[in-house]
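These are my notebook entries on one protein chain. I recorded what I looked up, one topic at a time.

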Amino acid sequence: MGRWNITPQNFVAHGDIAPGRKQDVSGYFNWTTFYAELGIFPGLFVSNITADQQKGVLLSSFTNSNVVNANVTNLQQRLSNYGYVSEIDVNGFFDAKTEAVVEAFNRHFCPEIFVKEKEHTYDDNSSNSPNQQWYGISEERLTYLLKNTNRDLCPQC
């Protein structure tokens with residue numbers, strides 16, 4: 001971090017860079033230990049909500065309809081603000097791009113709810129649909145990350 005001046009939010013997995021086109025195994029990487037060893041985002045993996053609230057599905061593809069959903073728009077904007085800028089459309093629909101970004105986020109930041117694939121290869125699409133849902137723990141983690149990062153993601157915008 002010091003040698004290359006890498007900020008905590010710039011430790012990313014392949015799936016964080018291109019969730020829609022890269023099959024990522026980051027759900028198998030112990031981000032909790034990695035962050036603890038480097039002192040990154042202390043308290044990120046401590047939850048203030050109950051286990052039931054953590055597992056409560058807040059948004060999913062079932063939210064997708066022909067009507068724009070303000071909650072989905074808000075989530076998409078916040079995920080974009082955190083850094084998933086080019087991989088998500090802020091359109092109010094829980095579409096395939098949103099599912100891919102949500103899965104990448106859950107792989108990286110929500111080991112409690114992430115369902116690991118039984119067998120994973122780089123040439124298949126072995127995603128588990130529960131990983132593509134937005135949970136209470138996902139919301140808590142994104143809120144923490146946005147609050148604890150100073151990131152100018154688009155200085156030219």
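**Entry 1: the chain as a whole.** I noted at the outset that this is a predicted model. I looked up the secondary structure and found six helices and two strands. Following the sequence, I wrote the order down as α-α-α-β-α-α-β-α. I then looked up burial: of the chain's 157 residues, 41% count as buried. I also looked up contacts between residues at least 6 apart in sequence, and 68% of these join residues at least 24 apart.

**Entry 2: two helices in contact.** How do the axes of α5 and α6 cross? I found that the axes come within 11 Å and that the crossing angle is roughly 80°. On the side of α5, the contact is made by Phe105, Asn106 and Phe109. On the side of α6, which covers residues 136-147, Ser138, Arg141, Leu142 and Leu145 take part. I sorted the residues of this contact into four nonpolar, two polar and one charged.

**Entry 3: the second largest pocket.** I looked up the space in this pocket and recorded about 160 Å³. Its lining has 14 residues, and those closest to the centre are Val12, Asp16, Ile17, Gly83 and Tyr84. Which helices each supply at least two residues of the lining? I listed α1 (14-17) and α5 (96-109). By type, the lining divides into seven nonpolar, four polar and three charged residues.

**Entry 4: Ser60.** I located Ser60 in the loop that runs between β1 (57-59) and α4 (70-82). Is Ser60 buried or exposed? Its relative accessible area is 6%.

**Entry 5: Gly27.** I placed Gly27 in the loop between α1 and α2 (31-38). With a relative accessible area of 12%, Gly27 is buried as well. I next looked up Gly27 and Pro111, which are 84 residues apart along the chain, and found their C-alpha atoms separated by 7.1 Å. Again not counting residues up to four places away in sequence, Gly27 touches Arg107, Phe114 and Lys116.

Definitions and conventions. Residues are numbered from 1 along each chain as its sequence is written. This is a predicted model: local features need pLDDT of at least 70, side-chain atom pairs count only at pLDDT 80 or more; totals for chains, interfaces and linings use all residues. Side-chain values use heavy atoms; hydrogens and water are left out. On a 1 Å grid over the protein atoms alone, a cavity is a set of points where a 1.4 Å probe fits but cannot get out, and a pocket is an open set with protein on both sides within 12 Å along at least five of seven lines; lining residues have an atom within 4 Å of a point. Grid points are joined across faces, edges and corners, and a volume is the space filled by probe spheres set on the points. Helices (H or I, at least four residues) and strands (E, at least two) are DSSP runs, numbered from the N terminus. Ala, Val, Leu, Ile, Met, Phe, Trp, Tyr, Cys and Pro count as nonpolar, Asp, Glu, Lys and Arg as charged, and the others, Gly among them, as polar. Axes are lines fitted to C-alpha atoms, for helices over the stretch in contact, and angles run from 0 to 180 degrees between N-to-C directions. Contact means heavy atoms within 4.5 Å. Buried means under 20% relative accessible area, exposed over 50%, partly exposed in between (1.4 Å probe, protein chains only).
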